[in-house]
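Please look over the sequence and the structure shown here before reading the briefing that follows.

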Amino acid sequence: MKKLVFSIGLIFIGFHTLLAQQNTLGISFKLYDPVSEFDDNISSALPAGISFTYLRTPVESRWSFGGELGVAMYSSNNYNVQYNSQSIKVNEEDCFWTLHGVLRYEIYRSERFSTYAEGRLGMTTFFSSTTALEEDTGFDDEFSFHGSAFNTGLGGGVSYKIGGIVWLNAGVNVHSGSRADYRYMPESDQTKTFDDGHFESLTHYVGYRLGVLIDL
C-alpha cells in the first residue's frame, strides 16, 4: 500500500511539474553566413533552410530550455562527371542538418515584446544527394553523409506578439564549429570525378533566423 501511495504521489508531482511549465513551439526560416576557411571552401554559397524549436519555461522564471532541429542547403549545382567510361551530367545538392540544445534567458518582457539571450550546444552533420540528369546511364542516385562538427553558440533575439498566442521572432547566433568533412561541387562544363569537391575545415558560421513562436 505504501508503495502504491508513493507511486501515485510521484505521478502527481510529475503531472504538476509538467502543467506548471509553459511549452513553446517555433518554426523559423534561417540563413547561415560561413566564416573563415569554411566560407572560402564553399565559395559564394549562402546556406538557407528551416528549423523547428521546442522550449519549456517554468512558471515565473526568466529561464527556458529545449532544443532546435534544422536543415539547410548550401549548394545545388549541375556538373559533368566521369562514370563507367562516359561523361554524364548530374545534379548535386549539398546540405547539412543541425541539432542543438538551447538555454535561453529572457532579459525583458512586456505584454507584447520580449528580448532574450541564449546559449547553444550541439552538432552539424553534412550530407549530399546526387541525381543523374540523363536517362539510361546506369547511374544510381546517391545519398551520402560526410562529417559532423561539434558546435557551441551564443546569441540572442527579440519577439513581438502579433496576436493571441503567436509571437514573431527574430534572432542571431554566432557558432563555433569543430573540423568536419563536407562537399561542395560548383557548376562546371569540365568533367569531374566524385573524388573532387571534398573539403575539411573548421565550420564556424553565423546563423540568422526569422519565424514564429507559439505558446501552448
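A residue is called buried when its relative accessible area is under 20%, exposed when over 50%, and partly exposed in between, judged with a 1.4 Å probe and with protein chains only. By this rule, buried residues make up 40% of the 216 residues in the protein. The model is predicted, so that local features need pLDDT of at least 70 and side-chain atom pairs count only at pLDDT 80 or more, while totals for chains, interfaces and linings use all residues. Residues are numbered from 1 along each chain as its sequence is written, and side-chain values use heavy atoms, with hydrogens and water left out.

**Overall form**
- The protein holds 2 helices and 11 strands, which are DSSP runs (helices H or I, at least four residues; strands E, at least two) numbered from the N terminus.
- Its C-alpha trace spans about 75 × 45 × 30 Å along the principal axes.

**Contacts**
- Among contacts between residues at least 6 apart in sequence, 66% join residues at least 24 apart, where contact means heavy atoms within 4.5 Å.

**Largest pocket**
- A pocket is an open set of points on a 1 Å grid over the protein atoms alone, with protein on both sides within 12 Å along at least five of seven lines, and lining residues have an atom within 4 Å of a point.
- The largest pocket is lined by 21 residues, and Gln22, Thr57, Ser64, Glu106 and Arg109 lie nearest its centre.
- Strand S4 gives the largest share of this lining, 4 residues.

Methods
1 Å grid on protein atoms, 1.4 Å probe; cavity = no way out; pocket = protein on both sides within 12 Å on 5 of 7 lines; lining within 4 Å.
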